[in-house]
Amino acid sequence: MKTLLRLIIPALLAVSALADDSASELAAKLGALQQNGSSVVRLKMEVQGAAKSTLQLQIKQRRTNSATEVVYQVLWPKERAGEAVLLRKTGDQSASGTIFIPPNTVSTLDSSQMKEALLGSDLTYDDVVENFFLWKQQAIVGTEVVNRVSCDILESKPGRGQRSYYGSVRTWVDRRRDVPLRVEKYSSSGKLVRRIETTRVVTNDDKQAVPANLTVNGPRQGSVTELNGSSVKHGVSFSDKEFTPAGFMEVSPARSASN
Amino acid sequence: MNFFTIVTRGLLRRPVRTGLTLVGISIGIAAVVALIGISRGFESSWATGMKVRGTDIVVSNMGNALAPKPFSSEVRDRIGKLPEVSAACSIYADLTSVEDASMMVVSAREWDGFSWQNLKLISGRMPNDAMEPAVVLGQTAAEMLKKKIGDPLQLETKELTVVGIVDGGAMVENGSVILSLALFQNITGNEGRINVIDIRAAPGLSEEAVKQLCDKIDAIAPEAKAMVAGEHLGNSQAFRFISAMSWGTSLLAVIVGVLGVMNTMLMTVFERKQEICILLAIGWKPGRVIRMILWESALLGFLGGIVGVIIGTIGVKVLETLPAIHGMLEPDFNAGLMGVAVVLSVVVGVLSGLYPAWRSSRLTPSLAMQG
């Protein structure tokens, strides 16, 4: 019996280690795709709840392995044009942010406010800066078909020293294209808090499949947010000023480094 | 009672079942007519758009995105120097969401280029210069965006003014937001970038010479591909995908129709076993019985085809009136498409009747006596 266990246990450990490696590799790959340098995204955000609201947004982002800076700027409607939210996160530290409302109201967001709604949507401030693929605990916990596409389910949990509002996040990943088709975020008690579904995938200039349209269901009853991407531009050169409240006062177009 | 009376009576024996089978096959044919009509309409609308702009050749790089990939505007200068080219006009055409409209064509055109010439002002005026923060809207675009002359229009990071509403002579033109290329490049940070060049060939060039000019352009502008106007859309992977999806969906609908007709005809054969056996007993040859079943299924297909064409056409006309789709469809319901749909339906009917017909030919007169 002991001999049998001596043979089986190492084999099981090896299989488990292989699975963990595969999960870590997948998470690292997806994490790197998210932390992919400087880019500008244009999208339409529609919040359908008790009242329907539509915003045209420009998102400027600088993402590296260790730091993330994101600015959401409202382009339309006119009465909200110029509103901006700057979010920053460095390493495993808590995120921080700044809100700008024209003509010159600037307020800061501390870490306790990061779970509040981003521009009235079903996403929180944390959702747009937190890269859960970079969390320490990653595991593939199953496979499931989403929209007729076979997906691996990657479960991410924050490791020691990594703080998050969520206890775990599950991502349904289309392994053929390495694109997340569904994300579910759970509280530490295991309750589903937020579900993000990818409704359209496009291939970007780097030949990488990326989600273009997303639907977000949060804890607010009867509220759904739809994000429809119009364009994405990579390799954009930003000035540091564009990531400061002073820079929010002028909404400028993004210029590629090659231009 | 002649042969065709027997065929018709066979179908009328169970009117509800025949009616339901007709509905099944006609829905399949309606899907063929609607989807292919919409897809062809889109293609022919692009071709019309090119024609009204007087474009002979389109230079673009249609990858797998809905809008062509950008390239340097310097390509236009290279092409413009060819002696066979009488005029070239740089364009940046983009598909993007504008204000609360989901996807619209934004067509930024070289100032003073020939692609402005086909636009007929319905109201207002054209922009005064290349950098005036102004746009003109195709009449459908104005309706979709609920804009009139003098209204502001947010395009990317800039607020522009609607100065004119135009009739572009084609659905694509009428659904577009049109502005100066230099202004668009400035507000999107795309200075020096374009993604389409419209080309007018020198007068008198034959069709063959225009094709040769395309090859010449390809040689000096490898960044993009030159196509004879109207054919360029077929070069788009996205359009090919949409087209394939239309045919795929139609095929599925037709397969459902085939199964419906086959089921009906099989039931007919089983139910009329005695009748068929008596026909064989009085001297009908198995071949004639086969023909009878095939004629019945072909007639079912023919009627299904006619009803399907009517349902498909009316369905798309109703769709066109929906606010979310209004102005975005210009279906091409030509006689050819309708003829193909009806023929397809008859073929489907005949194919569906083959197995039941074969089963009927295996019956023997002696079976009639068994009840």
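The predicted model scores ipTM 0.72 and pTM 0.70. Chain A averages a pLDDT of 87, and 88% of its residues score at least 70. For chain B the average pLDDT is 86, with 93% of the residues scoring at least 70.

The make-up of each chain can be set out in turn. Chain A contains 3 helices and 13 strands, and 35% of its 259 residues count as buried. Among its contacts with a separation of 6 or more, 43% are accounted for by residues 24 or more positions apart. Chain B contains 11 helices and 12 strands, and buried residues make up 45% of its 371 residues. Here, 83% of the contacts between residues at least 6 apart in sequence join residues at least 24 apart.

In soluble globular proteins, nonpolar side chains tend to be buried together. In this model, the largest nonpolar core has 97 residues, and those with the most contacts inside it are V32(B), V33(B), I57(B), V59(B), V135(B), V177(B) and I197(B). Helix α2 of chain B (residues 15-52) supplies the largest share of this core, 15 residues. The core also draws at least three residues from each of domain 1 (3-45 + 239-370) and domain 2 (55-228) of chain B. A second, separate core of 52 residues includes V40(A), V41(A), L119(A) and V173(A). Returning to the largest core, I197(B) is one of its residues with the most contacts. Leaving aside residues up to four places away in sequence, I197(B) touches V59(B), V75(B), R76(B), I79(B), A88(B), C89(B), S90(B) and I91(B).

The 38 residues of α2(B) should span 56 Å at 1.5 Å a residue, and the end C-alpha atoms are 51 Å apart, which agrees. After α2(B) comes G54(B), with a positive phi near 75°. Helix α7 of chain B (residues 207-220) has 14 residues and reaches 20 Å from its first C-alpha to its last, close to the 20 Å expected. The buried residues of α7(B) are L213(B), C214(B) and I217(B). Seen down the helix axis, these buried residues of α7(B) fall within an arc of 105°, so they line one face of the helix. The face of α7(B) turned away from the buried side carries the exposed residues E208(B), D215(B) and A219(B). The cover over the buried residues includes β1 (57-60), α3 (74-80), β11 (196-201) and β12 (225-228) of chain B.

Two individual residues show contrasting surroundings. M265(B) sits in helix α8 of chain B (residues 237-271). With 27 other C-beta atoms within 10 Å, M265(B) is buried. Beyond residues up to four places away in sequence, M265(B) touches I293(B), E296(B), S297(B), S352(B), G353(B) and P356(B). V141(A), in strand β7 of chain A (residues 137-146), is partly exposed, with 13 other C-beta atoms within 10 Å. Under the sequence exclusion of up to four places, V141(A) touches I153(A) and E155(A). V141(A) and E155(A) are 14 residues apart in sequence and 6.5 Å apart in space, C-alpha to C-alpha.

Most residues other than glycine have a negative phi, and most peptide bonds are trans. In chain A, a cis peptide bond joins W76(A) and P77(A), with omega about 10°; P77(A) is found in the loop between β3 (67-76) and β4 (84-90). Another cis peptide bond joins P102(A) and P103(A), with omega about 5°, and P103(A) is in the loop between β5 (96-101) and β6 (105-109) of chain A. D178(A), which is not a glycine, has a positive phi near 55°. This residue, D178(A), lies in the loop between β9 (168-174) and β10 (179-186) of chain A and counts as partly exposed, with 14 C-beta neighbours inside 10 Å. E99(B) likewise has a positive phi, about 50°, without being a glycine. E99(B) is placed in the loop between β3 (85-98) and β4 (101-109) of chain B, and is buried, with 20 other C-beta atoms within 10 Å.

Conventions. Residues numbered from 1 in each chain as written. Chains lettered and ligands numbered in written order. Predicted model: local features only at pLDDT ≥ 70, side-chain atom pairs only at ≥ 80, totals over all residues. Helix = DSSP H or I, 4+ residues; strand = E, 2+ residues; numbered from the N terminus. Expected span 1.5 Å × (residues − 1). Buried ≥ 20, exposed ≤ 12 C-beta atoms within 10 Å, placed from the backbone. Arc of directions from axis to C-beta. Contact = placed C-beta atoms within 7 Å. pLDDT = per-residue confidence, 0-100. Core = buried A, V, L, I, M, F, W, Y, C linked by C-beta atoms within 7 Å. Domains from an automatic or database assignment.
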